[in-house]
Amino acid sequence: MTAIPVEHGAVALLLICDDCGRGLDGGAVREEWIVLWHRAVVEGWTGRDRAIGPHRCRSCA
């Protein structure tokens, strides 16, 4: 999956697991991709360090 805006015109990013569809959002404040990815890795996500994926949440990793 890709890191996408939460809503059209929104400033937060959403990271989506390629296996189960679980999401990890960047919160109310816009985070750069690398900041969101670092937080995801700390929370157990795996995958490429690129916004285009693939990415897997801790449960699917």
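Which residue follows H1, and is its phi positive or negative? I looked there first: Gly44 comes after H1, and its phi is positive, near 100°.

**Ground rules**

I am working from a predicted model, where local features need pLDDT of at least 70 and side-chain atom pairs count only at pLDDT 80 or more, while totals for chains, interfaces and linings use all residues. I number residues from 1 along each chain as its sequence is written, and side-chain values use heavy atoms, with hydrogens and water left out.

**Overview**

I noted 1 helix and 5 strands in the chain. Helices (H or I, at least four residues) and strands (E, at least two) are DSSP runs, numbered from the N terminus. Read from the N terminus, the order is β-β-β-α-β-β.

I then looked up burial: 28% of the 61 residues count as buried. Buried means under 20% relative accessible area, exposed over 50%, and partly exposed in between (1.4 Å probe, protein chains only). The accessible surface of the chain is about 3900 Å², and carbon and sulfur atoms hold 55% of that. Those areas come from the Shrake-Rupley method with a 1.4 Å probe; for residues, only the protein chains shown count as cover.

**Helix H1**

Which residues of H1 are buried? In this helix, residues 33-42, I found Trp33, Leu36, Trp37 and Ala40. They sit on the same side of H1 because they cover an arc of only 100° around the axis. The arc is that of the directions from the helix axis to the C-beta atoms. As a reminder to myself, an α-helix has 3.6 residues a turn, so residues three or four places apart point the same way. On the face turned away from the buried side, I see the exposed residues His38 and Val42.

**Aromatic pair**

I searched the whole structure and got 1 aromatic pair. Trp33 and Trp37 form this pair, and it is stacked, at 5.6 Å centre to centre with 20° between the planes. For the cut-offs, rings of Phe, Tyr and Trp (its six-membered ring) pair if their centres lie within 6.5 Å; planes under 30 degrees apart count as stacked, over 60 as edge-to-face and the rest as tilted. The two tryptophans are 4 residues apart in H1, so about one helical turn separates them.

**Core**

I counted 10 residues in the largest nonpolar core, among them Leu13, Leu15, Leu24, Trp45 and Cys57. Such a core is a set of buried Ala, Val, Leu, Ile, Met, Phe, Trp, Tyr and Cys residues joined through side-chain atoms within 4.5 Å. S2 and H1 are the elements that give two or more residues to it, and H1 gives the most, with 4 residues.

**Cysteines**

How many disulfides does the whole structure hold? My search gave 0, with a disulfide taken as a pair of cysteine sulfur atoms within 2.5 Å. For Cys57, the nearest cysteine sulfur is that of Cys20, 3.7 Å away. For Cys60, the nearest is also that of Cys20, 3.7 Å away.

Cys20 lies in the loop between strand S2 (13-16) and strand S3 (23-25). Leaving aside residues up to four places away in sequence, Cys20 touches Cys57 and Cys60; contact means heavy atoms within 4.5 Å. Cys20 and Cys57 are 37 residues apart along the chain, and their C-alpha atoms are separated by 8.1 Å.

Cys57 is buried at 1% relative accessible area, Cys60 is partly exposed at 25%, and Cys20 is partly exposed at 42%.
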